[in-house]
Amino acid sequence: MAEKNKQAADPSAHEHEHGAGRYVLIWAALLVFTLTTVITGRMDLGGANLPLALIIATVKATLVVLFFMHLWDSEGINRLVFGVALLFVLVLLAGVFGDLLTRMPDALPTGQHAHTLEGGDMPTTPALNPHAE
Amino acid sequence: MSSSDAAVHGHGGHDEHDSNPHLAHHFDSIATQNHASRLGMWLFLGTEVLLFAGLFLGYAVYRHFYHDTFRFASHTLNLTLGTVNTIVLISSSFTVAMAYHMVKKGNNKAAAGLLVFTILCALAFLCIKAFEYQHKFAEGALPGKWFTFEEMKGMPGANMFFTVYFLTTGLHAFHVIVGMAILMWVLKKVIKGQVDASYSIPVELGGLYWHLVDLVWIFLFPLLYLI
């Protein structure tokens with residue numbers, strides 16, 4: 001049954017003109033990015049650690065979405081749906097952080113308040129917290 | 001299934017209902033049906049992204065409040081196991097994409113092998129995760145009031161890191177289990193020859209779900225283990 005169609009042309013494969021090589025390439029890129037993020041994640045880059053890790057993760061996710069999930073050559077409506085979902089994630093983050101970052105200290109949760117007032121008693125390890133604010 | 005050759009040539013659409021057993025009667029053609037199936041899957045994946053976005057937001061808020069604690073806590077996780085699990089998931093994402101490719105090529109045998117490998121990767125991921133959980137349980141690095149982790153005693157927000165850790169990785173692990181069930185269902189279809197080069201939408205959409213599981217982990221890994 002499966003063999004019978006080996007040579008059959010695929011009618012609905014406008015999104016599938018590339019070969020297996022593209023998948024191998026993406027896989028290799030994902031592995032390289034993973035090792036990169038592990039190595040840079042353990043280096044002390046000050047404030048750059050978080051943005052760098054997020055950028056690498058976003059690049060990896062983009063590769064998976066575009067090529068493993070075929071959004072690159074999928075119908076446009078699917079790109080729209082996924083794009084809108086991501087847009088609403090940004091709206092969620094913007095709304096919540098817009099609130100948090102503009103609060104008066106008194107209006108912060110109690111744990112944070114205590115931390116701000118008596119942060120000195122927090123055990124810190126110099127090697128792990130080189131740039132404690 | 002003897003009509004699948006006819007389905008391949010029946011692309012024009014007027015007699016597809018007679019020739020293609022996969023085509024539901026309310027769709028004009030298999031192309032329209034595939035389009036609708038894909039759109040439905042992407043809508044579902046959009047809701048999945050938003051589901052996890054809530055947890056990522058929780059992480060971001062508590063990380064903002066307890067920056068140093070979160071940084072310290074992330075170093076108490078086992079980076080080696082986390083990295084191995086990342087490689088396992090990325091590789092399984094690759095093999096599931098290859099399985100779809102092989103079905104498209106009409107090579108169900110290779111596709112079945114790749115799907116079995118993918119399911120084994122999922123199993124390996126869960127075993128490693130269970131091992132990590134067990135270690136954290138033993139240390140008392142548990143969420144909420146069960147938090148008794150000596151190493152981080154007195155650090156404000158320490159239990160919040162592990163609350164977020166268990167919620168995010170727990171929900172993700174649940175998705176891995178669901179993903180395994182879906183992949184087994186796809187594997188059954190591949191072995192029985194119920195999917196082939198002309199009808200591969202179950203493999204494609206099952207694969208999409210698995211890629212989403214990978215996608216979530218791509219973000220969870222650096223946020224929890226690295227920074």
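**Exercise 1. Determine which residues touch the most other members of the largest nonpolar core, and which elements supply that core.**

Solution. A nonpolar core is a set of buried Ala, Val, Leu, Ile, Met, Phe, Trp, Tyr and Cys residues joined through C-beta atoms within 7 Å. A residue is buried if 20 or more other C-beta atoms lie within 10 Å of its own, exposed if 12 or fewer, and partly exposed in between, with C-beta atoms placed from the backbone.

Step 1: the largest such core has 80 residues, of which Ala99(B), Val103(B), Ala111(B), Leu115(B), Phe161(B) and Val190(B) touch the most other members. At least two residues each come from H1 and H2 of chain A and from H3 (30–65), H4 (67–74), H5, H6 (108–139), H7 (158–192) and H8 of chain B. The greatest contribution, 16 residues, is that of H8(B). Helices here are DSSP runs (H or I, at least four residues) and strands likewise (E, at least two), numbered from the N terminus.

Step 2: the general background is that in soluble globular proteins, nonpolar side chains tend to be buried together.

Step 3: the model is predicted; local features need pLDDT of at least 70 and side-chain atom pairs count only at pLDDT 80 or more, while totals for chains, interfaces and linings use all residues. Residues are numbered from 1 along each chain as its sequence is written, and chains are lettered from A and ligands numbered from 1 in the order in which they are written.

**Exercise 2. List the contacts of Leu115(B), leaving aside its neighbours within four places in sequence.**

Solution. Step 1: two residues are in contact if their C-beta atoms, placed from the backbone, lie within 7 Å. Step 2: with that criterion, Leu115(B) is in contact with Ala99(B), Leu183(B), Val186(B), Leu187(B) and Val190(B), once neighbours within four places in sequence are left aside.

**Exercise 3. Describe the helix H2(A) and the residue His70(A).**

Solution. Step 1: H2(A) covers residues 49–68; its 20 residues reach 27 Å from first to last C-alpha, close to the expected 28 Å. The expected span is 1.5 Å times one less than the number of residues. Step 2: among the buried residues of H2(A) are Ala53(A), Ile56(A), Ala57(A), Lys60(A), Leu63(A) and Val64(A). Step 3: the buried residues of H2(A) pack against H1 (20–42) of chain A together with H5 (79–104) and H8 of chain B. Step 4: an α-helix has 3.6 residues a turn, so residues three or four places apart point the same way.

Step 4: His70(A) lies in the loop between H2 and H3 (76–100) of chain A. Its phi is near 60 degrees, a positive value in a residue other than glycine. His70(A) is buried because 21 other C-beta atoms lie within 10 Å.

**Exercise 4. Characterise the overall form of chain B and of chain A.**

Solution. Step 1: chain B has eight helices and zero strands, whereas chain A has four helices and zero strands. The C-alpha trace of chain B spans about 70 × 30 × 25 Å along its principal axes. Step 3: buried residues are 48% of the 227 in chain B and 20% of the 133 in chain A. Step 4: H7(B), with 35 residues, reaches 51 Å, close to the 51 Å expected. Just after H7(B), Gly193(B) has a positive phi of about 75 degrees.

**Exercise 5. Identify where pLDDT is under 50 in chain B and in residues 113–133 of chain A.**

Solution. Step 1: pLDDT is the predictor's confidence in each residue, from 0 to 100. Step 2: chain A has a mean pLDDT of 77, with 68% of its residues at 70 or more; chain B has a mean of 91, with 93% at 70 or more. Step 3: pLDDT stays under 50 over residues 113–133 of chain A and over residues 1–13 of chain B. Step 4: where pLDDT is low, the predicted coordinates should not be read in detail. Step 5: for the complex, the predictor gives an ipTM of 0.88 and a pTM of 0.84.

Definitions and conventions:
Rg over C-alpha atoms; globule rule 2.2 N^0.38 Å.
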